[in-house]
Amino acid sequence: MVYGQAKSGTDRGPEMLRGSGLHQELKELEWRVQDLGDLDIEAPKPTDPAMDDSVRGQMRHGYAVGKGNQQVFDKVHQAAKDGNFVLTLGGSAQTRTRNLTPELQKSKPCNLKSNRRLLPGDHSIGAGTVSGILKVRPNTGVIWVDAHADINTPAMSVSGNIHGMPVAFLMRLVNPTLVPGWEWMADTPVLRPQQIVYIGLRDVDAAERIVLKELGITCYSMQHVDKYGIGGVMERTLDQLHGRPLHCSYDIDAVDPLHAPSTGTTVRGGLTFREAHYVVEAISETGQLGSLDMVEVNPVLGNDAENQSTVEMGLALIDSAMGSRIL
């Protein structure tokens, strides 16, 4: 999926991650990998239906992104329903799996050595991944690691890029039945404010700030990381979401561009190398992580060294989330 923002290349991220040894590293961590292959997302067309006149604002490629997210939803939903850990990367689809007993699947859906991996692209696919997980595990807590809040509505958005809107759709700040291509979302659970925590925010639109405050959503910006330390931020996050299965939606632009430069919306002052890793290490150690997105890795935006460092960062973060440790 590349149509949720204006820069091409996010669909190349999975290819680079595969080529850098993702499968082998996961197998060394004792995961069984089932690769579902790349999703075939249909490109936008001039004849695509437009939004209902009652919906104010703009959405670039709204129909194509909505239908693409429906494909993501279908794959994620089925993988989670089958008792698998679901890993969505940013361009295609695969699965890692170790069979669970029905009792374990119900009590700790994330304690699997079994994993389904999907790879679509930009962060607009978070609407499909989170919806698919909530359909199976409606009590899931979502940890959204990102420099941006992604909670714009079409009326709020300056760019119309849908990678800045997935949380708004998940929380029904946008009525999906009025947006062609998104009607499927009407039959999925709504994400509630108490179910989501943001980590790493540092570039939030003025209208988004108002929405976040009005909804009472817990947000840890980089200022909070400076104040509490990443350990304190993660302790507070996991205390709030205690007892829930967890989904982590990790946008690589949460990481400082010094370590991950090849992404579409870089913002200085992000998570350091170790802070970025500690986020997923802490989530993994709860034993409640049941699904993970790694998105916005774009290996066509930088030079060879920048692209390689970004891919290596994404790969290392996935490894940490899946159980890799220093000792």
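**Helix packing and nonpolar cores in the predicted model**

Helix α3 passes helix α5 in a right-handed crossing. In this predicted model, the axes of α3 and α5 come within 7 Å, and they cross at roughly 35 degrees. On the α3 side, the contact is made by Asn69, Val72, Phe73, Val76, His77, Ala80 and Lys81. The residues of α5 that take part are Gly126, Ala127, Gly128, Thr129, Ser131, Gly132, Ile133, Lys135 and Val136. Classed by residue type, the contact of α3 with α5 comprises seven nonpolar, seven polar and two charged residues.

Helix α5, which spans residues 126-136, is mostly covered, with nine of its 11 residues buried. The buried residues are Gly126, Ala127, Gly128, Thr129, Val130, Ser131, Gly132, Ile133 and Leu134.

The chain as a whole contains 10 helices and nine strands. Of its 327 residues, 58% are buried. Among contacts between residues at least 6 apart in sequence, 77% join residues that are at least 24 apart.

Two further helix pairs share helix α9. Helix α8 (residues 222-240) packs with α9 at an angle of about 15 degrees, and the two axes lie 9 Å apart. Helices α8 and α9 are therefore roughly parallel to each other, and their crossing is left-handed. In this contact, Met222, Val225, Ile230, Gly231, Met234 and Leu238 of α8 meet Glu275, Tyr278, Val279, Ala282 and Ile283 of α9. By class, nine nonpolar residues, one polar residue and one charged residue form the contact of α8 with α9.

Helix α9 (residues 273-285) also packs with helix α10 (residues 304-321), at an angle of about 30 degrees and with the axes 8 Å apart. Because angles under 35 degrees count as roughly parallel, α9 and α10 are likewise described as roughly parallel to each other. The crossing of α9 past α10 is right-handed. From α9, the residues Phe273, Ala276, His277, Val280, Glu281 and Ser284 meet Met313, Ala316, Leu317, Ser320 and Ala321 of α10. The contact of α9 with α10 has seven nonpolar, three polar and one charged residues.

The largest nonpolar core has 44 residues, and Tyr250, Leu271, Val279, Leu317 and Ile318 are those with the most contacts inside it. A second, separate core consists of 30 residues, including Met59, Met185, Tyr198 and Ile217. Apart from neighbours within four places in sequence, Tyr250 is in contact with Val145, Val255, Leu271, Ala276, Val279, Val280, Asp293, Met294, Val295 and Leu317. Among these partners of Tyr250, Ala276 and Val280 of α9 and Leu317 of α10 also take part in the contact between those two helices, while Val279 belongs to the contact of α8 with α9.

Glycine 200 lies in strand β6 (residues 196-201). With a relative accessibility of 0%, glycine 200 counts as buried. Its contacts, leaving aside neighbours within four places in sequence, are with Asp146, Ala147, Tyr220 and Met222. Glycine 200 and tyrosine 220, 20 residues apart in sequence, are 6.2 Å apart in space from C-alpha to C-alpha.

Individual loop residues were also examined. Glycine 21 is placed in the loop between α1 (13-19) and α2 (22-28). This glycine 21 is partly exposed, with a relative accessible area of 23%.

Positive phi values occur at arginine 172, where phi is about 65 degrees although the residue is not a glycine, and at glutamate 296, where phi is near 70 degrees. Arginine 172 lies in the loop between α6 and β6, whereas glutamate 296 is located in the loop between β9 and α10. At 22% relative accessibility, arginine 172 counts as partly exposed. Glutamate 296, by contrast, is buried, with a relative accessible area of 2%.

Terms used: Residues are numbered from 1 along each chain as its sequence is written. This is a predicted model: local features need pLDDT of at least 70, side-chain atom pairs count only at pLDDT 80 or more; totals for chains, interfaces and linings use all residues. Side-chain values use heavy atoms; hydrogens and water are left out. A nonpolar core is a set of buried Ala, Val, Leu, Ile, Met, Phe, Trp, Tyr and Cys residues joined through side-chain atoms within 4.5 Å. Buried means under 20% relative accessible area, exposed over 50%, partly exposed in between (1.4 Å probe, protein chains only). Contact means heavy atoms within 4.5 Å. Axes are lines fitted to C-alpha atoms, for helices over the stretch in contact, and angles run from 0 to 180 degrees between N-to-C directions. Helices (H or I, at least four residues) and strands (E, at least two) are DSSP runs, numbered from the N terminus. Angles under 35 degrees count as roughly parallel, over 145 as roughly antiparallel, 65 to 115 as roughly perpendicular and the rest as oblique. A crossing is left-handed if the near helix is turned anticlockwise from the far one by less than a right angle, and right-handed if clockwise. Ala, Val, Leu, Ile, Met, Phe, Trp, Tyr, Cys and Pro count as nonpolar, Asp, Glu, Lys and Arg as charged, and the others, Gly among them, as polar.
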